[in-house]
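I opened a new page for this one.

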Amino acid sequence: MFQLTRSVTWQALMRLRQDTADDRIRDYFSADPQRFDKMSLRVGGLFLDYSKHLVSEAVLAKLIELADHSALVQRRAQMFSGDIINVTEDRPVLHTALRNMGDAPVMVDGKDVMPEIRRSREQLRQFAEAVRSGAWKGYSGKRIRDVVNIGIGGSDLGPNMACRALLKHRHPELNFHFVSNVDGAHIQKVLARLDPASTLFIVSTKTFSTQETLLNAKTARRWFLDNAGEEADIGAHFVAASTNKKAAMAFGVREENVFEFWAWVGGRYSMWSSIGLPIALAVGFDGFMEMLQGAYEMDQHFLAAPFRENMPVLMALIGIWHINFMGAETQAIVPYDQALHQLPSFLQQLDMESNGKSVDIFGHPVDYKTGPIVWGQTGSNGQHAFFQLLHQGTRFVPIDFIASLEPEPGMEEHHFALLTNMLAQANAFMEGSQRGSRLDPYSCPGNRPSSVLLLDELTPKNLGALIALYEHKVFVQGVVWNINSFDQWGVELGKRIAGEISERIDEHSQDFDASTQGLLALVRERFRGEANTPRPAKTGKPARKSPEKTKR
């Protein structure tokens, strides 16, 4: 059986890590004045500078060799062609087909899926244009003014992030709200300021069975009926993005307003599908298609560019160097653009849900680190919050700085200050403070790595390319680590146990651990009026059975 850490290339990288342990990034620049030109790359409206990393030419060459010796070429081709690469769920992975602008068919089980995708796009176009133009009316004849997306995870984070990022492109007469938290305070706060007669709800749930989404959707439905229309009016104010048309229609959604997609669309990759309906409503269908176009162009770059010139591959390999050889546990995402303030949360799910795995695609435990902890926030705020730790703390944290070059009209002075702050931070992390004496205990040591990713302008097209860039980066890392980036059994475990607890709330079950039993008793006392004293489990009680292993 192939073992990654025993491969010749991996062992060579381990030796290079030892050989370069005392290297300084700034010395790489002194030794090679062309380093910036060699280690920067443009793809469409995106420019990446990856020169400020502790990566020598020898290290980069070996990292590329690592990619060459992996299954990347094969797995990439399989993903784009519709082969089953999500092996634990026995599914293809075809978010790339959702933004495919080419004429070639994409086959799944012997069937070209592109005609269905084009029909779905046309359904989105017609609906988006009707709502945006005011042709779509609520039950009382009012046009829609507020759109509430009810979802969670990928059904919330992607559309939410994109709608906020593209604020200046949004329809001036439509307001967008996103409800995801099952905490009733979230939806209560949103509903309190809405007029039911001019509000449209989008229930975004792949299976139409997600507990949090359905509870919020039922609360919204009840609020609508209590404050406005009747059962027959539900269809004028509720639509759904779901693979489960029957359940959506039972909820009250009209059949023609169930925006379908397919089982091979993963939740965190679903914003390119009907889950992207809020984006199409916000920026228009043409804007939504521009976003897909940007992603498609990044897809084509990822498919065609040699690894040494391939932006997602380079970002992935540098990340592997940080995680597996430099000891990085986390990855900071720091956008110097307020419109991108939701991007770190989106990328957190994309990366951590995809590559937060400890077994390979065959179910064998891995003996190396996989996905990092992804975190971050906007740059100016971060400078006065967590940058101190990054500059002088004991943690090794690689940083992705992200910004757009184009300022808002009339905000040129603000934007110039924003960009110069970002460049100053990237320089400071590399150079350190250099306070004269190297023994000065208060100096910043520098030699902290970062990438700078610049967008010519924050447009739908460039945003699409940016998201696709990170999707492919995560995919490449998963392939090199030989893990399945497309399942999420940890998420499913929590859902299953939550369902069990909900269904058995009236039982004094001994199946749960003593802590859960005690806490359940407190919940029962509050919600069922049962005054039960928490009791520890009996000594010698057998452990709960593990769930059946998934067929692989």
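For sorting linings, I count Ala, Val, Leu, Ile, Met, Phe, Trp, Tyr, Cys and Pro as nonpolar, Asp, Glu, Lys and Arg as charged, and the others, Gly among them, as polar. The model is predicted, with local features needing pLDDT of at least 70 and side-chain atom pairs pLDDT 80 or more, while totals for chains, interfaces and linings use all residues. Residues are numbered from 1 along each chain as its sequence is written, and side-chain values use heavy atoms, with hydrogens and water left out.

**Entry: cavities.** On a 1 Å grid over the protein atoms alone, a cavity is a set of points where a 1.4 Å probe fits but cannot get out; lining residues have an atom within 4 Å of a point. Points join across faces, edges and corners, and a volume is the space filled by probe spheres set on them. I found five cavities of 30 Å³ or more. (Helices, H or I of at least four residues, and strands, E of at least two, are DSSP runs numbered from the N terminus.)

**Entry: pockets.** A pocket is an open set of grid points with protein on both sides within 12 Å along at least five of seven lines. I see H19 giving the largest share, six residues. The second largest pocket has about 520 Å³ of space, and its lining holds ten nonpolar, nine polar and seven charged residues.

**Entry: the sheet.** Strands pair if DSSP finds at least two bridges between them. I read the open sheet of five strands as E8-E7-E9-E10-E11, with parallel pairing. E8 and E11 each have a single partner strand, so one side of each has no neighbour in the sheet. Five bridges join E7 to E8, and Val147 has Phe176 in E8 as its bridge partner.

Next, I checked the helices on this sheet. Helix H9 lies across E7, E8 and E9, at about 165° to E8. H10 packs on the sheet too, touching E7, E8, E9 and E10, with its direction at about 160° to that of E9. Contact here means heavy atoms within 4.5 Å; axes are lines fitted to C-alpha atoms, for helices over the stretch in contact, and angles run from 0 to 180 degrees between N-to-C directions.
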